[in-house]
Amino acid sequence: QETCDSLRFWSSGRDTMFARLLIPNLLECDKILYIDCDTIVISSLEELWNESVEGYASLVVQDTARLDAKEEAGLKQDDRYFNSGVMVLNCWYWRENNLIQCIKDYESDFDEEGIFPDQRALNGATLKCSKFISPKYNWSSEMERYSRKQIVEITGCDNFYWEEEMHESKKN
């Protein structure tokens with residue numbers, strides 16, 4: 001059985017951010033909705049909860065990550081990168097594919113804590129098996145502040161949400 005201590009990567013105490021990765025192995029359920037403590041929920045999440053996770057490790061929202069965060073995670077400039085503040089985790093997929101071990105193996109290749117170590121590990125190990133969902137579920141201040149064109153320039157990723165989707169999400 002995995003423990004928080006088994007996910008202790010760094011001595012700074014920030015390793016507690018990895019504790020959420022244990023949830024799929026600790027709970028006997030099909031999926032969970034993870035929400036960071038700094039997230040404000042202003043309407044029903046029923047639509048998000050009802051979204052199918054079949055065939056995916058997680059449902060995630062694309063982040064406006066800086067190029068250095070993507071580079072640090074070993075991703076290419078044009079790769080998408082997700083924010084781990086709101087995720088629907090497919091617990092069965094996590095257990096079946098031993099994603100805890102995949103994340104531990106991925107993070108063990110790094111010799112320093114990094115910018116967003118939890119997101120680095122999650123993106124590096126699960127990006128290809130994650131499904132991107134509407135930004136309305138994890139709207140960020142950067143999405144509020146910058147246009148899609150500016151975000152594409154910042155992230156180096158042409159594959160960002162379309163202007164219409166951002167506009168709809170902002171309303172919600």
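## Core, rings and cysteines in a predicted model

F160 and Y161 are both buried.

**The core.** The largest nonpolar core has 41 residues, and those touching the most other members are L21, F82, M87, W94, L122 and F160. Two or more residues of this core come from each of β1 (31-35), β2 (58-62), β3 (82-90), α4 (91-96), α5 (99-107), α6 (117-126) and α8 (148-155). Strand β3 supplies the largest share, 5 residues.

**F82 and N83 in β3.** With 0% relative accessibility, F82 counts as buried. Beyond its neighbours within four places in sequence, F82 is in contact with V60, V61, Q62, D63, M87, Q119, L122, N123, T126, L127, S130 and F132. N83 is also found in strand β3. Leaving out residues up to four places away in sequence, N83 touches V61, Q62, D63, Q119 and N138. With N138 there is a polar contact between the two side chains, at 3.1 Å.

**Aromatic rings.** How many aromatic pairs does the structure hold? There are 2. They are listed here.

| Pair | Centre to centre | Angle between planes | Arrangement |
|---|---|---|---|
| F82 and F132 | 6.5 Å | 70° | edge-to-face |
| F160 and Y161 | 5.3 Å | 75° | edge-to-face |

F132 has 18% relative accessibility and counts as buried, because the cut-off is under 20%.

Charged side chains also meet rings. The charged end of R80 sits over the ring of F132, 4.0 Å from the ring centre. In another place, the charged end of K31 sits over the ring of W49, 4.6 Å from the centre of that ring.

**Cysteines.** A disulfide is a covalent bond between the sulfur atoms of two cysteines. How many disulfides are counted in this structure? The count comes to 0. Take C91: the closest cysteine sulfur to its own is that of C29, at 3.9 Å. A disulfide needs the two sulfur atoms within 2.5 Å, so the sulfur of C91 is too far from that of C29 for a bond. C91 has 0% relative accessibility and counts as buried. C37, at 82% relative accessibility, counts as exposed, because the cut-off for that class is over 50%.

Key:
Residues are numbered from 1 along each chain as its sequence is written. This is a predicted model: local features need pLDDT of at least 70, side-chain atom pairs count only at pLDDT 80 or more; totals for chains, interfaces and linings use all residues. Side-chain values use heavy atoms; hydrogens and water are left out. A nonpolar core is a set of buried Ala, Val, Leu, Ile, Met, Phe, Trp, Tyr and Cys residues joined through side-chain atoms within 4.5 Å. Buried means under 20% relative accessible area, exposed over 50%, partly exposed in between (1.4 Å probe, protein chains only). Helices (H or I, at least four residues) and strands (E, at least two) are DSSP runs, numbered from the N terminus. Contact means heavy atoms within 4.5 Å. A polar contact is a pair of N or O atoms within 3.5 Å; within protein, one must be able to donate a hydrogen and the other to accept it, and residues adjacent in sequence count only if both atoms are side-chain atoms. Rings of Phe, Tyr and Trp (its six-membered ring) pair if their centres lie within 6.5 Å; planes under 30 degrees apart count as stacked, over 60 as edge-to-face and the rest as tilted. A charge sits over a ring if NZ of Lys or CZ of Arg is within 6 Å of the ring centre and within 35 degrees of the ring normal.
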